Amino acid sequence: MALPVLASSAVKLRRVLAQFPQELSLAFAYGSGVFRQAGAPAGHGENNMLDFVFAVDDSVTWHMMNLLKNRSHYSFLKVFGPKQITSVQSYGAGIYYNTLVPCNGRMIKYGVISTDTLIDDLLHWKTLYVAGRLQKPVKILTQNENNKLQAALVSNLKSAVTAAFLMLPESFSEEDLYMQIAGLSYIGDFRMIVGEDRLKVQNIVKPNVPHFQKLYSSILQDCPQVVYKHHLGRLEIDKSPEGQFAQLMALPRTLQQRITSLVDPPGKNRDVEEILLQVAHDPDCGFVVHQGISRIVRSSSIVQSAKTILTAGAKKSLTYSMKKLYKMTKGWLRKTS
């Protein structure tokens, strides 16, 4: 049985996809235009902007073809051609967004990322930008037969569970886990201070628990370090130093590096395994992991947001920022009412 999504899904989303060059390794839609969010009035999501990500094997060629089909989607950067657009794409999180684009009667935003950059982020959390988006429910529209990409998608979900375990207590609810996972890519994101609804994570998770279960149930059932009481919606994990050390050793490489840089004094240059063993015995182990994630997310979110001025142009950037501030204010008013 298919899980429910908003009426904007399926056929309408594929009609949008048909407007673009089809050389895609992965294309997915996400956000409040696809999945219902808490606090939104009935029918509201069907008017929200539709968000897409397109992964492509050859960014220069894809932008060249898209400029021929959809030149108006681009900012002033279009005059510099596909190579310069791809160069701008490589900064920050390695994704190039065209935003506030009218398409088939809806406003859309779409990001273009190279397949190799996406796989690197999924495996190693270099920026945790698109990898973070794929830790939450998305609507996959097309995916080619790339075994390396498929393995990286699964690895990213397993890493999200591992990181969440390290920041949770010994016993917790399934919803607690999904709240922790959904919040990973917002830890340290400066837009959560200015520009995003403070209740964003809660709004994503609460109406979409079945979608999170579809993503994570098999991983939880196969994980040797957790007792998954599915019928009760409860989980218990091994919080011993040995259990936490095993989890720390399983984290993505970039996060391990950020953790070691937080703990190891400059000039000491101890082995990563030795440092992670020390962290595993630290009562503040979860906080150290949290700070490590924050360091990854903060830098990528700042550079990616700064890129918006170039990729969207000043007028669209201002319009998009005002929409975000409006949503943040509405969320704050709901929280205080």
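# Reading a loop, a cavity and a helix

Me: Where in the chain is Q37 found?

Reply: Look in the loop between β1 and β2, for that is where Q37 sits. Keep in mind as we go that this is a predicted model.

Me: Is Q37 buried or exposed?

Reply: The general idea is a cut-off: a residue is called buried when its relative accessible area is under 20%. Q37 has 19% relative accessibility, so it counts as buried.

Me: Which residues is Q37 in contact with, leaving aside its neighbours within four places in sequence?

Reply: With those neighbours within four places left out, Q37 touches G31, S32, N203, I204 and P207.

Me: How do I look for empty space inside a protein?

Reply: Rolling a probe the size of a water molecule over the atoms shows where space is left empty. In this structure, the count is 1 cavity of 30 Å³ or more. The largest cavity holds about 80 Å³ of space.

Me: Which residues line the largest cavity?

Reply: Our Q37 is one of them, and the others in the lining are G31, S32, F35, R133, K136, P137, I204 and N208. By type, the lining divides into 3 nonpolar, 4 polar and 2 charged residues.

Me: Where is N208 found?

Reply: N208 lies in the loop between α8 (200-205) and α9 (209-222). With a relative accessible area of 4%, N208 is buried. Beyond its neighbours within four places in sequence, N208 is in contact with F35 and R36.

Me: Now a helix, please. How do I read which way its residues point?

Reply: An α-helix has 3.6 residues a turn, so residues three or four places apart point the same way.

Me: Which residue follows α4?

Reply: W125 does, and its phi is positive, near 55°. With a relative accessible area of 2%, L128 is buried.

Me: Where is the place of L100?

Reply: L100 belongs to strand β3, residues 95-103. Its phi is positive, about 50°, although L100 is not a glycine. L100 counts as buried at 10% relative accessibility.

Me: Which residues of helix α7 are buried?

Reply: In α7 (residues 174-183) the buried ones are E174, L177, Y178, I181, A182 and G183. They pack against helices α6, α8 and α9, and against strands β6 (171-173), β7 (226-229) and β8 (234-237).

Me: How many helices and strands does the protein chain come to?

Reply: The protein chain has 14 helices and 8 strands. Of its 337 residues, 52% count as buried. Among contacts with a separation of 6 or more, 71% join residues 24 or more positions apart. The accessible surface of the chain is about 15,900 Å², and 56% of that surface belongs to carbon and sulfur atoms.

Conventions
Residues are numbered from 1 along each chain as its sequence is written. This is a predicted model: local features need pLDDT of at least 70, side-chain atom pairs count only at pLDDT 80 or more; totals for chains, interfaces and linings use all residues. Side-chain values use heavy atoms; hydrogens and water are left out. On a 1 Å grid over the protein atoms alone, a cavity is a set of points where a 1.4 Å probe fits but cannot get out, and a pocket is an open set with protein on both sides within 12 Å along at least five of seven lines; lining residues have an atom within 4 Å of a point. Grid points are joined across faces, edges and corners, and a volume is the space filled by probe spheres set on the points. Ala, Val, Leu, Ile, Met, Phe, Trp, Tyr, Cys and Pro count as nonpolar, Asp, Glu, Lys and Arg as charged, and the others, Gly among them, as polar. Helices (H or I, at least four residues) and strands (E, at least two) are DSSP runs, numbered from the N terminus. Buried means under 20% relative accessible area, exposed over 50%, partly exposed in between (1.4 Å probe, protein chains only). Contact means heavy atoms within 4.5 Å. Accessible areas come from the Shrake-Rupley method with a 1.4 Å probe; for residues, only the protein chains shown count as cover.
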